[in-house]
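Here's a short walk through a protein model, one chain at a time and then the two together. Have the viewer open as you read.

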Amino acid sequence: MPELNTSSLPDLIFSFLFFIMMVTSMREVELKVQFTVPQGSEIEKLEKKSLVSHIYIGSPTRELRGQYGPGTRIQLNDKYAEVDAIHEYVAQERESMPERDKPFMKISLKIDQKTQMGIVTDVKQALRKAYALNIVYSASYDRR
Amino acid sequence: MGKSSRKVPGLNSSSTADISFILLIFFLITTSMDTDMGLTRRLPEWDPNAQEEEVKIKERNVMTVLVNANNEILCRGEVINISELKDRAKEFIANPEDKANLPAKEEYDIKGFGTVVTTVKHVISLQTDRSTDYDIYFKVQNELSKAYNELRDEWCWATFHHHLIDCTEDQVTYAKGMYPSKISEAEPKQYN
């Protein structure tokens with residue numbers, strides 16, 4: 001039996017690799033809160049990922065629950081934060097953007113369904129004070 | 001200076017496939033493909049000098065949607081189901097029958113399109129309690145967006161004879177001028 005020619009196998013896999021690298025994005029942070037975003041039918045896709053910064057609100061993940069309790073937490077970057085830290089976070093995120101993109105900065109709020117509005121409003125007020133006015137209530141598509 | 005040309009031995013590339021496989025698997029693990037989706041909103045600007053100034057808006061121009069701590073929706077004082085909210089909002093925004101308790105229609109100039117008669121001064125005031133669930137708040141926002149989108153779609157169909165999704169960018173802007181999204185949010189209160 002003649003041997004199978006595998007000399008093009010690396011090329012095949014390399015092109016597959018490049019495809020994967022194009023369509024995906026690096027996972028930004030390690031999630032320390034767990035959340036289920038609400039479902040909606042009128043939601044839009046976020047076009048440019050480079051313009052978007054995330055704020056996560058939910059209860060601590062199972063491993064961290066013993067340490068921090070089940071109460072709602074806000075996660076900025078890699079750690080839990082209080083509402084006061086949002087101003088600095090927004091300033092940092094804005095600083096890392098190119099000048100022409102700064103006015104289009106968006107904040108994606110990934111908030112658990114069961115969160116109470118009080119904390120959401122505190123975050124929104126903090127965002128207003130930090131002059132980050134474009135926000136997105138992150139959601140999943142409702143297939144009904 | 002020997003004339004005999006030395007032959008370079010071929011590089012053994014049999015492991016390239018393995019190396020690229022490892023790279024591939026690494027990228028598959030560390031990246032995510034999920035696209036972020038959501039409802040876009042613009043917050044009002046923060047003005048620290050703003051006085052608590054009561055802006056007088058006529059009662060007929062305001063639709064108050066209150067979501068209380070028990071997650072009940074009160075639309076203009078009536079308890080309603082979430083499924084009714086969209087139609088109520090549509091009737092309020094468009095006021096098709098010129099009712100006296102719904103927003104007044106006025107002539108309004110859409111840049112590049114012309115003058116239309118529409119309810120420019122309507123306001124949907126969305127109020128929540130500090131212990132309202134985020135889920136129901138989001139659903140209300142979603143229904144209100146749906147009301148606006150359906151009205152814009154109907155208007156596009158009547159004016160340009162195709163749906164909102166098939167409209168050009170200009171036509172979408174006109175539709176937004178016809179039915180501008182006016183959702184005002186008061187800070188949540190703690191009702192006892």
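Along its principal axes, the C-alpha trace of chain B spans about 105 × 50 × 40 Å.

Before going on, a word on the ground rules. This is a predicted model, where local features need pLDDT of at least 70 and side-chain atom pairs count only at pLDDT 80 or more, while totals for chains, interfaces and linings use all residues. Residues are numbered from 1 along each chain as its sequence is written, and chains are lettered from A and ligands numbered from 1 in the order in which they are written.

## What chain B is built from

Chain B has 4 helices and 9 strands (DSSP runs numbered from the N terminus: helices are H or I with at least four residues, strands are E with at least two). Read from the N terminus, the order is α-β-β-β-β-β-α-β-β-β-α-α-β.

Buried residues make up 22% of the 192 in chain B (buried means 20 or more other C-beta atoms within 10 Å of the residue's own, exposed means 12 or fewer, partly exposed is in between, and C-beta atoms are placed from the backbone).

## Strand β5 of chain A and its neighbours

Now over to chain A, where β5(A) covers residues 52-60. Strands count as paired if DSSP finds at least two bridges between them. β5(A) runs parallel to β8(A) (residues 106-111), with 6 bridges, and A:Ile55 has A:Leu109 as its bridge partner there.

β5(A) also pairs antiparallel with β6(A) (residues 73-76) over 3 bridges; here A:Ile57 is partnered with A:Ile74. Another antiparallel neighbour is β2(A) (residues 33-34), joined by 2 bridges, including the one between A:Gln34 and A:Ser59.

## Where the two chains meet

How many residues of chain A are in contact with chain B? There are 46, and they touch 43 residues of chain B (a contact means C-beta atoms, placed from the backbone, within 7 Å). On chain A's side, α1(A) gives the largest share, 9 residues.

Strand pairing crosses between the chains too: β9(A) and β2(B) (residues 37-42) run antiparallel, joined by 5 bridges. In that pair, A:Asn134 has B:Arg42 as its bridge partner.

Definitions and conventions:
Two residues are in contact if their C-beta atoms, placed from the backbone, lie within 7 Å.
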